[in-house]
Amino acid sequence: MDENKISVSQLIKNTWFILRYAASHDRRLVISIIGLYCFIQVGNAVYDTVLLKIIIQMLGDKSSLQSILIVLMVSVVVMVTLVGAQQLMEEWTKAKLVRLSGSIQKEIIDKCGKIDLMCYDTPDFYDTYVTAATKAEEMIQKGVTCVSQIVGSTLAMIAAAIVIMTVNPLIAIFPVLG
């Protein structure tokens, strides 16, 4: 096994540790980020599913081309708004996580200032310390963002499935059977 590769279980443990560590520094921020990702992704999934339902219904009802085009234009405006909101949320998340990881890096530096100077003569300790200090910002951002995306995507799939089942339960069975 390549020394840079880790097992899936170790990756999950590491991500969980990072998420808990970040939450111990600013629980409200971590929960807010996860909540925002969930809200945006569920909103996108429900919007896409409902839009498809409306268009199919309009085609089935033989609605005029003009009314279909109006629905499509309104949907483009809503879609651009959702994409803009998602972009704003991602930029806000990055900015807030930089501040959070900065406080974590400060904590690492403060803790290392209290360690016996003999430890710095040990190459393993020094390498581990440098790696932890330099990767703290990146790992905090990736860990919180990754968990937020996974939770948001899972909830979005559930929301889309619920909307599809309310439209036509028979349609919801096909992906399961296929």
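Mentor: Helices (H or I, at least four residues) and strands (E, at least two) are DSSP runs, numbered from the N terminus. By that definition Val144 lies in helix α3, which spans residues 123-167, and this valine is the part I shall examine. The model is predicted, so local features need pLDDT of at least 70 and side-chain atom pairs count only at pLDDT 80 or more, while totals for chains, interfaces and linings use all residues. Residues are numbered from 1 along each chain as its sequence is written, and side-chain values use heavy atoms, with hydrogens and water left out.

Val144 has a relative accessibility of 0% and therefore counts as buried (buried means under 20% relative accessible area, exposed over 50%, partly exposed in between, with a 1.4 Å probe and protein chains only). Setting aside residues up to four places away in sequence, Val144 touches Leu19, Ala22, Val30, Ile33 and Leu97, where contact means heavy atoms within 4.5 Å. A further relation concerns Ile31: its C-alpha atom is 9.6 Å from that of Val144, although 113 residues separate the two along the chain.

With 14% relative accessibility, Ala159 counts as buried. Its contacts, again without residues up to four places away in sequence, are Val42 and Val46.

The protein has four helices and zero strands, and its elements run α-α-α-α from the N terminus on. Helix α1 (residues 8-60) and helix α2 (residues 65-113) have axes that come within 10 Å and cross at roughly 170°; axes are lines fitted to C-alpha atoms, for helices over the stretch in contact, and angles run from 0 to 180 degrees between N-to-C directions. That crossing makes α1 roughly antiparallel to α2 (angles under 35 degrees count as roughly parallel, over 145 as roughly antiparallel, 65 to 115 as roughly perpendicular and the rest as oblique). The residues of the contact of α1 with α2 comprise 26 nonpolar, eight polar and five charged; Ala, Val, Leu, Ile, Met, Phe, Trp, Tyr, Cys and Pro count as nonpolar, Asp, Glu, Lys and Arg as charged, and the others, Gly among them, as polar.

In the loop between α1 and α2 is Lys62. The phi of Lys62 is near 55°, a positive value in a residue other than glycine. At 73% relative accessibility, Lys62 counts as exposed.

The charged pairs come next. The structure holds four salt bridges, each a side-chain nitrogen of Lys or Arg within 4 Å of a carboxyl oxygen of Asp or Glu. One of them joins Arg99 to Asp26, with the closest N and O atoms 3.9 Å apart. This pair links distant parts of the chain, as Arg99 is in helix α2 and Asp26 in helix α1, 73 residues apart. Arg99 counts as exposed at 52% relative accessibility, whereas Asp26, at 22%, counts as partly exposed.

Lys94 is partly exposed at 48% relative accessible area, and Glu91 is partly exposed at 41%. The side chains of Asp110 and Lys106 meet at 3.0 Å, N to O; being four residues apart in α2, they are separated by about one helical turn. Asp110 counts as partly exposed, at 38% relative accessibility.

Phe17 and Tyr21 have ring centres 5.8 Å apart and planes at 15°, so the pair is stacked. They are four residues apart in α1, about one helical turn. Phe17 is partly exposed at 46% relative accessible area, and Tyr21 is partly exposed at 22%.

Finally, the overall figures place Val144 in context. Buried residues make up 24% of the 178 residues in the protein. Among contacts between residues at least 6 apart in sequence, 78% join residues at least 24 apart.

Terms used. Rings of Phe, Tyr and Trp (its six-membered ring) pair if their centres lie within 6.5 Å; planes under 30 degrees apart count as stacked, over 60 as edge-to-face and the rest as tilted.
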